[in-house]
Amino acid sequence: MSYVYDFDHPHEVAPRELRQLLGGKGANLAEMTSVLHLPVPPGFTISTEACRAFLAGGWPDGLDEEIAQHLERLEATMGRRLGSGDDPLLVSVRSGAAASMPGMMDTVLNLGLNDDSVEGLAAHSDERFAFDSYRRLLQMYGRIVLGVDDRSFDADLQTTKERLGITNDAEMRAPELRELAERSKARILSELGRPFPQDPAAQLRGAIEAVFSSWNGQRARTYREREKIPHDLGTAVTIQAMVFGNRDDESGTGVGFTRDPATGENKPYGDFLWNAQGEDVVAGIRHPLSLENLAERAPELHRELIGAFARLEEHFRDMCDVEFTIEQGRLYLLQTRVGKRTGRAAIRMAVEMVDDPFIALGRSEAVQRVNPDHIDGVLHPQFADAVVTVATRGLGASPGAAVGRVCLSAERAVELSREGTAVILVREETSPDDIHGMLAATGILTRRGGLVSHAAVVARGWGKPAVVGAERVEIGKGEIRIGGTRVAEGDLISIDGTTGVVALGAVALSAAQPPESLEVLLSWADEIRKGRLGVRANADSGPDAANARSLGAEGIGLCRTEHMFLAPDRLPVVRRMILATGPEEEEAALEELREVQRTDFLEILEAMDGLPVTVRLLDPPLHEFLPDASVLALKQATVGLSPEEERLHEAALRWQEQNPMLGTRGVRLGILKPGLYAMQVRALLDAAAERAAAGGRPVVEVMIPLTVSREELQLARSWVQEVLAERPVGGVKVAIGTMIETPRAALRAGELAEAADFFSYGTNDLTQMTFGFSRDDVEARMMATYLERGLIPANPFETIDVDGVGELLRTATEQARAAKPSLKIGICGEHGGDPASIDFFARLGLDYVSCSPYRVPVARLAAAQAVLTLSRPLAADPSGAPTGAPWTVHS
């Protein structure tokens, strides 16, 4: 087995197809070298197989010898030797996983310099350049390989610049750079008790081991968890001859994109610095210049760069991110990859590349190019300005942007929120004790924690913008410091939970304004999934239904009638029905409720005219419409209750449930109060008749909740049929089905199907009952811990548990379709808007998914992508990102 491959190695297939072996960086460098013949500094790649072997059992046998052979070949090509005292060869050591993970793993530049070779480099160039390169190596190697705190190096650099009265690194002179190098060596010796390694071979091995190890660093693991990249892929390592953007004022370095990654405009975009190395651009140490500056100062180089951009984009058929260096007037390309982009840019590019003659994407390809998260991003408030002064970055944990005043405690957040002040809750990390403050906050910022931390999980569940793991935020008493800048409690800051950006002050926000190209893309998605997987919405009012339809919903999969009862003008009527002492009093209250429900249903049927509307009859137990019995008991014991309150207290005690989720709810409530369901059906049929009389086309589906047996469903079905017989609605077909939300119902689905026209899977309750989790308690108290410890791979209330809940759904679907092949089956839990779950539902052969209105565009895209991948097994795609739900184990 070979572990090491030169960039120009003659592979049997195109190098770009070997990402799993060479990593994305190594595969693309080989492609640029051997296929496109672009100006790439030579080098070689250590494969992901070597990394996996190292992580499993230490340094692989034979790897030293292979590296030595390829290094000797590189030295011969360059005419220089690594670490030589006379014009030395220097190399970069970079990570490169199969799936792009920008900035998540480690890089070491200028490797090969030591006390002798730096003098040789100075003799063949100049002293300033040589010692600038050496102090960079010492600081980078000290931090990444040796583990020295980089803040000490930064402090030395800042002290030197302050003493010289300068702000730009490029203004430092050779004596100061030599002094910085000596100070860095002394700091390494002082902190570690051993000197910086002078042997170039030892430096190289140390750097390779550090890059291998960075695969399991916290940054990298957190990123992979968010992007659903398997942890067992490993990273490749590229060893590449150094070219120097910091050699002189005719040298420079930059990062460019073949299109604008923020807007998607078909125009090259990038940042560039003269007399600098790559990390200067990425780290924001100096204010970068635009590519237009390069065009003004070096037009020939600019034309060559833009020509390379065009070749790369045409070859890879996508927007490319390119790192480049100019050394003394000569252009080199250091790496390329398919570039990261904003949601707005991703959508625009995908649509425009269909008509681009050089790329000519098919519509299916365009649909697959856009991540559902991209659509989610353009539907949330965002920073209005494309360019924002970044104070620091963390991990974008929950999308959307927010502006608010810094609050350092949950209690203070609640106080200010009650005064109408928008607040950002800032904590080291959150815990269940902070829940009230998190609920009150406009956004959440934590110094520690990852994408499965308590703050991240809760914020996503509540739809609040959140940034976690912002390590440069230092929290003190009554203030925070961000990169040395003091921010007092009460000062304004801004966060972007999509990108992880934290900014000082109030950044202007813009409401969600989806680009015009979004509807074009979604129309293509609709064509792909047509007749295969529909998308409905969960909506409980006319305005919600109209909004859902405007976002592309093809009907309502869940109309929760209990939400209609909670309005201030209706709750007293519901309570009169509960408190009724005789049939006449109860019927009078039910008749009053029938009229208001008829009005609600009419609005919904009008908004969804011609599309199916699934109305779930009352589901929650009656105590939810009554005051809290314990509150009334306390009042009774202190100041006493009014006669009305006494009656409410008695009813609250009578209907009180020990475990409401498993108590008198759904069809069980209908059995105890049969007039309740009859009233709801009459209201619905009256609305349908009125809509039909007005020329509409109502499509009505009545859903019985929580049935667990055929006998229950047959009884409930008879109630609906009795009302239909009394009040036939000419020309309107009414379907009667049930909600499958208990394990027993799933296991006896074949029997239930005999009495049903349709099934709808209520995956929220089915997940609770399968796991034995109370969602409200578990998500607040223990979900973050379970995720962080790897006890479960994903929050089962966000992404379907394929192995447990999914197996119940599979069993139910197979039984139901065997009993009644024409049975329509959908899903109306919150999983209906989750892309990974939608992929699973498509594989089950469900007819539709239903989700909240604002998730409908995401579901439309995800459903199309799921249909396109139906013929593929649940496995990793070529980029290394899994196509299945995270609950599926990938080998």
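**Close-up views of cores and salt bridges**

**View 1. L521 and its surroundings.** Leaving aside neighbours within four places in sequence, L521 is in contact (heavy atoms within 4.5 Å) with A350, V351, A366, V367, V370 and L861. A second, separate nonpolar core of 55 residues includes L74, L109, M140 and L204; such a core is a set of buried Ala, Val, Leu, Ile, Met, Phe, Trp, Tyr and Cys residues joined through side-chain atoms within 4.5 Å. Buried here means under 20% relative accessible area, with a 1.4 Å probe and protein chains only.

This is a predicted model, where local features need pLDDT of at least 70 and side-chain atom pairs count only at pLDDT 80 or more, while totals for chains, interfaces and linings use all residues. Residues are numbered from 1 along each chain as its sequence is written, and side-chain values use heavy atoms, leaving out hydrogens and water.

**View 2. The largest nonpolar core.** Among its 128 residues, I375, L521, I578, F759, Y761 and L809 touch the most other members. Helix 27 (residues 674–693) contributes the most, with 10 residues; helices are DSSP runs of H or I, at least four residues, numbered from the N terminus.

View 3. R136 pairs with D132, their closest N and O atoms 3.2 Å apart; a salt bridge needs a side-chain nitrogen of Lys or Arg within 4 Å of a carboxyl oxygen of Asp or Glu. Both residues lie in helix 5 (residues 127–144), four residues apart. R136 is buried at 5% relative accessibility, and D132 is buried at 2%.

**View 4. D526 and R529.** These two form a salt bridge at 2.9 Å, N to O. They sit three residues apart in helix 19 (residues 516–529), so about one helical turn separates them.

Notes. Buried means under 20% relative accessible area, exposed over 50%, partly exposed in between (1.4 Å probe, protein chains only). Helices (H or I, at least four residues) and strands (E, at least two) are DSSP runs, numbered from the N terminus.
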